[in-house]
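The sequence and structure come first.

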Amino acid sequence: MRIAILSDVHSNLEALNAVVEHATSQGADQWWCLGDIVGYGADPDAVVDQVRKLGAVTVAGNHDWAACGLISTRQFNRHAAQAADWTSKHLSADNTAWLAALPLVERREGALLVHATPSAPSEWHYCMMIEDALEEMDAFTEAQCFIGHSHYPGAFEKEGEDIRYTRAAEIRLRQGRKYLVNVGSVGQPRDGDPRAAYALFEPGQGLLRHVRVTYDVETAQKKILAAGLPPFLASRLAAGD
Ligand code: ZN
């Protein structure tokens, strides 16, 4: 079993298509999606259609909830709020209903899936520091928890009372240790690398790989500008920040 774990697609169809093609070439036979399918980019309906077509096990992100009106955009920055309003107007009724019905957490293959944090899935907190991870590790009993939200790929590993953080591309998942893994963002990476990020998880082999894939950034940018979305949302894709 080889699972492709995607998060934070953010309506970027070019990035999603590149990741699906790459993961398929790597033998991915299952798909998990950690939310924020929409928001920021110009193809909300097309990316939701694609995630649905893949049959991905999917949890909701804050941008999905904002697009369906389940949370207000008052906590969002100006660009995010503008994009959320635009997205809600450009999603089909069927896709809006599908997003609104997504759960906040899922459990599969002994792993927990959540967009933001396991301790408070609907609070949309970030888990960036060792101190955050210390608290979050106590919030789940599974061996692995997969998250997105920060758009920053990496993994916290807990052995006994020790917690380490690693950005290694390949991680051997050891028995008796706990892992909190951020798979990064497909459609709007923010770690300085503009390539789309996702992860390949092989539970049977105890193996996790962070993967980066180049995609057609220029086309995604042109669509954002043509849609009248904030130009910053296009320019940041080239910088990956
Ligand atoms: Zn996001």
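The chain, seen here as a predicted model, has 8 helices and 12 strands. Its radius of gyration is 17 Å, close to the 18 Å that the globule rule gives for 241 residues, so the chain is as compact as a globular protein of that length. The C-alpha trace spans about 50 × 35 × 30 Å along its principal axes. Of the 241 residues in the chain, 56% are buried, and among the contacts between residues at least 6 apart in sequence, 72% join residues at least 24 apart.

The chain exposes about 10,100 Å², of which carbon and sulfur atoms supply 48%. As for charge, there are 22 positive and 31 negative side chains, and the centres of these two sets lie 2 Å apart.

**Salt bridges**

Side chains of opposite charge can pair when their charged atoms come close. The structure holds 17 salt bridges, including the pairs in the table below.

| Pair | Closest N and O atoms |
|---|---|
| R108 and E106 | 2.9 Å |
| E159 and R177 | 3.4 Å |
| D191 and R212 | 2.8 Å |

In the pair formed by R108 and E106, the arginine R108 is partly exposed, with a relative accessible area of 33%.

Which parts of the chain does the salt bridge between E159 and R177 tie together? E159 forms its salt bridge with R177 at 3.4 Å between the closest N and O atoms. E159 lies in strand β7 (residues 154–159), while R177 lies in the loop between β9 (170–172) and β10 (178–182), so the pair ties together parts that are 18 residues apart in sequence. E159 is partly exposed, with a relative accessible area of 36%, and R177 is likewise partly exposed, with a value of 22%.

D191 forms a salt bridge with R212, with 2.8 Å between the closest N and O atoms. This pair links distant parts of the chain, with D191 in the loop between β10 and β11 (196–202) and R212 in strand β12 (residues 207–213), 21 residues apart. D191 is buried, with a relative accessible area of 16%, a value that falls under the 20% limit for that class. Salt bridges that share partners join D191 and R212 with R167, D193 and R195 into one network.

**Two individual positions**

Is A80 buried or exposed? A80, which lies in helix α4 (residues 78–90), is buried, with a relative accessible area of 2%. Residues up to four places away in sequence aside, A80 touches Y40 and H63. The C-alpha atoms of A80 and Y40 are separated by 6.5 Å, although the two residues are 40 residues apart along the chain.

S122 lies in the loop between β5 (111–114) and α6 (130–137) and is partly exposed, with a relative accessible area of 35%. Leaving out residues up to four places away in sequence, S122 touches W65 and L104. S122 and G160 are 38 residues apart in sequence, and their C-alpha atoms are 28 Å apart in space.

Note on methods. Residues numbered from 1 in each chain as written. Predicted model: local features only at pLDDT ≥ 70, side-chain atom pairs only at ≥ 80, totals over all residues. Heavy atoms only, no water. Salt bridge = Lys/Arg side-chain N within 4 Å of Asp/Glu carboxyl O. Buried < 20%, exposed > 50% of the residue type's maximum accessible area, 1.4 Å probe, protein only. Helix = DSSP H or I, 4+ residues; strand = E, 2+ residues; numbered from the N terminus. Rg over C-alpha atoms; globule rule 2.2 N^0.38 Å. Contact = heavy atoms within 4.5 Å. Areas by Shrake-Rupley, 256 points an atom, 1.4 Å probe, with all protein chains shown as cover. Lys, Arg positive; Asp, Glu negative; His and termini not counted. Charge placed at Lys NZ, Arg CZ, Asp CG, Glu CD.
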